[in-house]
Amino acid sequence: MDRSIFYRWLAAAEKPGADDAWELLAQYPALRDAVDPLGENALHKAAYCGSIGVAQMLLQAGIATQAVNECGQTALHLAVRGGQVRLVAPLTAAGIAIDAPDGARRTALFYAGSPRMVEELVRRGAGIRVTDAGNRNVLHAAVAGELPDRMPLVRALLQAGALATAKDGDGNTPLHLDASGDALWLLLGAGARVNMLNAAGQSALELAVRRGSENAVRILLNAGAAPAQGRIRDALEHICNPEPKVRRRIRALLEPHMVKMVVPETLPPPVPAAKEPETISLLPPRVLAARMNKPKPKR
């Protein structure tokens with residue numbers, strides 16, 4: 001097949017109308033199963049670009065709906081990545097599994113870029129607590145800033161039932177991953193535990209101090225975070241924020257919560273016990289001796 005025809009086919013798949021795609025497919029039936037160097041077929045292209053007419057035409061023509069690209073992603077993954085909410089229904093109706101994992105074991109929900117997309121996927125059965133290869137769920141990914149429009153997504157995921165206490169492969173909860181502190185109140189309001197530790201024994205407060213996030217430190221302390229003396233002092237020594245003013249402000253926030261214990265280097269000598277005062281006799285020695293040797297009267 002001529003290479004130019006193949007790329008005309010892919011370009012036609014990305015257009016809103018299906019006329020060009022129908023014409024090429026009628027002339028070259030083999031185009032239906034052709035893939036580009038990334039392993040994507042025409043349905044992948046139409047799904048990403050939101051070409052509903054072309055996608056419906058391809059589904060009617062019997063294109064392989066379970067085909068995946070080199071990243072292991074289905075056409076549904078591409079539709080979600082492209083923000084094409086209207087294509088979720090026809091693609092899932094055509095048999096594409098809503099929770100099909102890609103090469104990183106991420107479902108389509110991990111690529112949702114808007115609350116509307118989250119609602120559509122969850123409404124059609126997407127697992128809100130499904131985890132990827134790193135044992136992270138989609139809430140971990142959203143809080144960590146891996147998805148666009150972070151705050152509305154976090155709110156939508158929590159409303160859909162995402163667990164604020166779930167731990168990833170390193171034992172981090174979403175609370176540990178919020179570098180800026182913007183989502184902390186949402187997570188705390190959804191039941192996140194402020195003093196939970198990850199696999200390295202770090203609390204969210206310790207990580208916030210190490211990152212130099214003044215906002216996160218303030219919120220966590222107000223929520224009842226308990227500083228672990230040694231770890232927090234070490235975190236203060238290795239704070240990432242180079243601004244001296246920020247360092248001083250974070251230290252000032254922590255100082256009222258740090259118990260200062262003064263241990264003397266050596267113990268003071270014991271205080272000697274008080275001795276009973278000696279009785280001093282004023283009698284002459286002979287009289288004293290006679291009294292001492294005088295026999296006791298018989299009764």
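This is a predicted model: local features need pLDDT of at least 70, side-chain atom pairs count only at pLDDT 80 or more; totals for chains, interfaces and linings use all residues.
1. **Burial of α3.** Helix α3 spans residues 42-49. Six of its eight residues are buried, so the rest of the structure largely encloses this helix. The buried set is A42, L43, H44, K45, A46 and A47. Note that a lysine, K45, is in that set.

2. **What covers α3.** The cover over these buried residues includes α1, α4 (52-60), α5 (75-81) and α6 (88-93).

3. **Geometry of α1 against α3.** Two packed helices are described by the angle between their axes and the distance between the axes. Here α1 (residues 3-13) and α3 have axes that come within 8 Å. They cross at roughly 35 degrees. The crossing is right-handed.

4. **Residues at that contact.** From α1 come W9, L10 and A13. They meet A42, K45 and A46 of α3. By type, the contact residues are five nonpolar, no polar and one charged.

5. **Ends of α3.** At the start of α3, look at N41. One of its side-chain oxygens reaches to within 3.0 Å of the backbone nitrogen of L43. Just after the helix, G50 takes a positive phi of about 80 degrees.

6. **Helix α13.** This helix covers residues 214-222. Which of its residues are buried? They are E214, A216, V217, I219, L220 and L221. Their packing partners are α10 (174-177), α11 (184-189), α12 (204-211) and α15 (244-254).

Key
Residues are numbered from 1 along each chain as its sequence is written. Side-chain values use heavy atoms; hydrogens and water are left out. Axes are lines fitted to C-alpha atoms, for helices over the stretch in contact, and angles run from 0 to 180 degrees between N-to-C directions. Helices (H or I, at least four residues) and strands (E, at least two) are DSSP runs, numbered from the N terminus. A crossing is left-handed if the near helix is turned anticlockwise from the far one by less than a right angle, and right-handed if clockwise. Contact means heavy atoms within 4.5 Å. Ala, Val, Leu, Ile, Met, Phe, Trp, Tyr, Cys and Pro count as nonpolar, Asp, Glu, Lys and Arg as charged, and the others, Gly among them, as polar. Buried means under 20% relative accessible area, exposed over 50%, partly exposed in between (1.4 Å probe, protein chains only). A polar contact is a pair of N or O atoms within 3.5 Å; within protein, one must be able to donate a hydrogen and the other to accept it, and residues adjacent in sequence count only if both atoms are side-chain atoms.
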